[in-house]
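Colleague: Could we go through this model together, one question at a time?
Modeller: Gladly, here it is.

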Amino acid sequence: MIYNPSYVKKRKIKSYTALFLSTTAAFLGLFWLGFILWDVLRHGLEGLNLELFLEDPAPPGIPGGGLRNAFVGQLLIVFYATIIGVPIGLLAGIFIAEYARGTKYARTISILSDIMVSVPSIVVGTFIYAILVKPVGYINWGGLVAVGFLSAIISVIFGGLLSFIFKLVFPVKSAGAGKFVRLLVALITVLFGVVVFLFLSQKLVDKIQGFNGWAGAVSLAFIMIPVVLRTTEDMLSLVPWTLREAAFALGASYYNVIKDVVVRASITGILTGVILSIARVAGETAPLLFTSFNNSYFTTNMNEPIASLTVTIFNYAMGPYEDWHVKAWAASLVITLFILAITIITRTIVGIKYKK
Amino acid sequence: MEKFLKRYPISDLIFAFISFSASFIVFSLIIATAYVLYDESSLAMHRFGLLNFIFSAEWDPVKEVFGAAASLYGTLVTTILSLLFAIPVSIGIAIFLTEISPHILKTPIGIAVEMLAAIPSIIYGMWGLFTLAPIMANYIEPFLQKTLGKIPLIGLLFQGTPQGIDLFTASVVLSIMITPFITSVARDALNLTPDIMKESAYALGATKWEVVKDIMIPYAKLGIYGGIVLALGRALGETMAVAFVLGNNHQITLSLFEAAATITVTLANEFTEADTDIYLSSLFYLALILFTLSFIILAIAKFFLLKAERGYTR
């Protein structure tokens, strides 16, 4: 029966039909992508001009003006989110890929952060609302954390410069003196960090008065942490174990091995993960809706509600004015181009770097 | 002590401690989210109870009576419908990418599909509201009413005046958004089928489709399930795209051509307007339900994917 020509023909027809349908599906996917991109480009170019970046919004219904407040607000929120999210994600990724490699703890954290990546972002918004917006009159912990990380990063850069200068000015010969200099530099760095933190937190962080930019930054950081963690973990586990063993054999401590061997070997991958996580949160709207809220005036004060591009797009698109719709499209175009450019560039870099 | 310090220098201990605390933050953030949402919703929990809240469709801020049924129904319908649209398409794309496509097209089409996942949801929302909704209202929905709408029983799903802002449009937008998630997982799973199994089937005279259907798909089953459940979790929690094209209307309708609400849309539209404690608490209750649901679903997805991974390395 199997060799019956008509049966073979039937099977062949069935096969070609199925393969044709699969190909159609692939073209359907391409069609949607092309349709959406073309549509964003077509509408977006209409409103794209220099005023969009340089001017503040005109009063509702009056044409003209731009979205400078939203661009600046978005930059600020994403900047602080990066400052909080990236160090935590990086360090956590290093811990579970190195110190805790292969343990149950590492597996649990890894699985949990995979789940966290996909947890609805609006739930993150409600959580941050409850802890950083609702308790009016309390100290803004989110702001303190952000400023803490900012001053830590500033002081690490300062410490690096300091030890570089010390090496230039007093070339150390003996091991004891070297140890002393290192201790001194570390001490000065820590002191410097504390001073910077005290100064900045006085200046930048206020008590909670309602919606505030810090809350927005923290909620984006919440989304960033698991993304950075997972890519860091994956990239570190690509580094061959023998490389570490070679360094251990030279008597290096694990900290030195991580700092000078493992991270150095995987730095491209790690940076790619960081940049992709920034692209990921740059398009987030839901967590900002009730944390940083929106502001139609220009502000750089993170203790107030602060405008972001995405929330502005949402409000403008839902608004009644034709001019608002044009601006929303233009802002959409800017965001889309930014994110797609980053995605394509990083993918290309990874493709070149990790090609087998 | 000296030996210990020599083996583990102080810098190592400090770094290990700092990085451990960072990794612990992930753990504590999830616990904190669950606890805070539970705590904030306790008022609504006491007032309405769990079952009463879930099965009551009344959502009336003025009378201060809240029930989640309408939002849950909207979430359920959009999620199921979008999966129905997305599953065949994305598995088709995965098959195309693994078996049919010429080698030179594999990477560009793969990247193109992944770009669908990179586009922010608010862009999908804009596109859905200003471009897709009018097309739906003017062409596709009237067409569906004229054809499928004439069939008894099934016709009930297509009643009403097509406006484009409804469950159907929202599901279409959602299905486009979740397609890349299923595709990339399914493609990876299909790719892992050992060549020797495919070759054996071809040697027995199987057609290409028979190899895909009888060898590759059974082999990649767990991975595909994982991808589908992952997409389910995504669709459940998607906010902005749906908020644009669903309206915000707390009603349970059989017709797909009516505005409705999902949990996420309710939260997005009403959270900043909640003026009473019980209103806000009910919204937190909704968020808690959504968090729990998506956590469970994503855990199931992870379970499938891990199991699939273990199966392949056997």
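Colleague: In which loop does B:Glu64 lie?
Modeller: Strands here are DSSP runs of E with at least two residues, helices are runs of H or I with at least four, and both are numbered from the N terminus. B:Glu64 lies in chain B, in the loop between β1 (59-60) and β2 (65-66).

Colleague: Before we go on, how should I read the numbering and the model itself?
Modeller: Residues are numbered from 1 along each chain as its sequence is written, while chains are lettered from A and ligands numbered from 1 in the order in which they are written. This is a predicted model, where local features need pLDDT of at least 70, side-chain atom pairs count only at pLDDT 80 or more, and totals for chains, interfaces and linings use all residues.

Colleague: Is B:Glu64 buried or exposed?
Modeller: A residue is buried if 20 or more other C-beta atoms, placed from the backbone, lie within 10 Å of its own, exposed if 12 or fewer, and partly exposed in between. B:Glu64 has 12 C-beta neighbours inside 10 Å, so B:Glu64 counts as exposed.

Colleague: What is the phi of B:Glu64 near?
Modeller: Most residues other than glycine have a negative phi. For B:Glu64 the value is positive, although the residue is not glycine, and phi is near 60°.

Colleague: Where does A:Phe293 lie, and is A:Phe293 buried or exposed?
Modeller: A:Phe293 sits in the chain A loop between α12 (286-289) and α13 (309-318). Phi of A:Phe293 is also positive, near 55°. Because A:Phe293 has 22 C-beta neighbours inside 10 Å, A:Phe293 counts as buried.

Colleague: What does A:Ile154 count as, going by its C-beta neighbours?
Modeller: A:Ile154 belongs to helix α6 (residues 141-169) of chain A. There are 15 C-beta neighbours inside 10 Å, so A:Ile154 counts as partly exposed.

Colleague: How far apart are the C-alpha centres of the two domains of chain A?
Modeller: The bounds come from an automatic or database domain assignment. Chain A is divided into domain 1 (48-136 + 210-356) and domain 2 (141-205). Their C-alpha centres are separated by 26 Å.

Colleague: How many residues does the contact take from domain 1 and from domain 2 of chain A?
Modeller: Two residues are in contact if their C-beta atoms, placed from the backbone, lie within 7 Å. The contact takes 9 residues from domain 2 of chain A, and from domain 1 of chain A it takes 10.

Colleague: Which helix of chain A gives the most to the side that touches chain B?
Modeller: The contact between the chains takes 68 residues from chain A and 68 residues from chain B. With 19 residues, the one that gives the most on the chain A side is helix α1 (residues 5-47).
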